Amino acid sequence: MSKVTFLGGGSFGISLAILLANKGNIVSVYDRDSSVVEDINVNRRNDKFIKGLDVPKNVTAYNNLEEAIQDTNYVVLAVPSHVIRSASRSIKGLIKEDVPVICIAKGIEEGSNKTLVEVIEEELNNPVVVLSGPSHAEEVAFDIPTTVLTSSKNMKVAEEVQDLFMTKTFRVYTNDDLVGVEIGGAVKNIIALAAGVCDGLGYGDNTKAALMTRGMAEIVRIGTKLGGRVETFLGLTGMGDLIVTCTSIHSRNRRAGYLIGTGKTREEAVEEVGMIVEGIKACHAFYDLKEKLDVEMPITDALYKVLFEGKDAKEMVSELLQRDKKAENY
């Protein structure tokens, strides 16, 4: 039995907290929102993020970080990508340096273009593990079979975290390609957002299949340029995550894209979704990165123009289709 502390009581955080609690672990959840803390502790629910939950009694929520993290064996950063640096900084000195820090966010840091592991390592000296894969919180929370993976520079710790999370319905692999795992999980949000735009425009399965396939080409290009392995992008944090995020009703990236495709602005779409849409931040960050690295990412380029330059989405699709002819390649 271990004590695991989650920073963030959002949908994926509470889903994994329930999973670990059902395995007999002591789980604490830190959240700044007092209504979330009260709902967990008093009602044993978290209706702000997922309705119908039954939160076990061995999950305790806190508004005070020092109380939540005291004597913990693991820390899970269950916050959006743009909060990873501040969240990491907030726990410095509150945990021993041998306590694994587990990151479940997907993205890169805007401005620096650093991976989230690099960001965490700049703030902490702890071993860092990434938990990633096709895993909607709404399904994990209700014990629907799911498969993910762990990755780290220290694979012994990755295997330790694999054992921590593994259940009969939550299968965890390991993968030592840390860069590939992080990049695959981040770029697929861009493609999912674009897939939603196409849905909003009224396009069909042919369009989505083409978009996902050529989107995978972009993931492979930028991912291998940064040092990832091709086979990683054909696995859970590449193809697997791409499929679930581009097609599911649970995907906030796809939903935001859909709203943009129907004519709403970026800001209106985010407001209606009501949660962080990581694909928007990822699109901005990877647009800058692909420009610096001279990597061809036409879908990312087109989506950037829609999101940040006010270009018409249907015209951008037309431009993608009418580019110069070429052989299919990655």
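Q: How many aromatic pairs does the structure hold?
A: The structure holds two aromatic pairs. Rings of Phe, Tyr and Trp (its six-membered ring) pair if their centres lie within 6.5 Å; planes under 30 degrees apart count as stacked, over 60 as edge-to-face and the rest as tilted.

Q: OK, how are Tyr-287 and Tyr-304 arranged, and why?
A: Their ring centres are 3.7 Å apart and their planes sit at 5°, so the pair is stacked.

Q: Where in the chain are those two?
A: Tyr-287 is in helix α14 (residues 278-293) and Tyr-304 in helix α15 (residues 298-309). They are 17 residues apart, and the pair links distant parts of the chain. Helices here are DSSP runs (H or I, at least four residues), as are strands (E, at least two), numbered from the N terminus.

Q: What does Tyr-304 form with Phe-308?
A: An aromatic pair that is tilted, with 5.1 Å from centre to centre and 40° between the planes. Tyr-304 and Phe-308 are four residues apart in helix α15, so about one helical turn separates them. Ring pairs link Tyr-287, Tyr-304 and Phe-308 into a cluster.

Q: Before I go on, what sort of model is this?
A: This is a predicted model, where local features need pLDDT of at least 70 and side-chain atom pairs count only at pLDDT 80 or more, while totals for chains, interfaces and linings use all residues. Residues are numbered from 1 along each chain as its sequence is written, and side-chain values use heavy atoms, with hydrogens and water left out.

Q: Which residues does Pro-127 touch?
A: Leaving out residues up to four places away in sequence, Pro-127 touches Glu-97, Asp-98, Val-99, Pro-100, Val-101 and Val-157. Contact means heavy atoms within 4.5 Å.

Q: Where is the place of Pro-127?
A: Pro-127 is in the loop between α5 (116-123) and β6 (128-132). At 22% relative accessibility, Pro-127 counts as partly exposed. Its C-alpha atom is separated by 9.8 Å from that of Val-117, ten residues apart along the chain.

Q: New topic: what is phi of Asp-143 near?
A: It is near 65°, a positive value in a residue other than glycine. Most residues other than glycine have a negative phi. Asp-143 is in the loop between α6 (137-140) and β7 (146-152), and is exposed, with a relative accessible area of 52%.

Q: What about Asp-294 then, where is it found?
A: Asp-294 is found in the loop between α14 and α15. Asp-294 has a positive phi of about 55° although it is not a glycine, and at 72% relative accessibility it counts as exposed.

Definitions and conventions. Buried means under 20% relative accessible area, exposed over 50%, partly exposed in between (1.4 Å probe, protein chains only).
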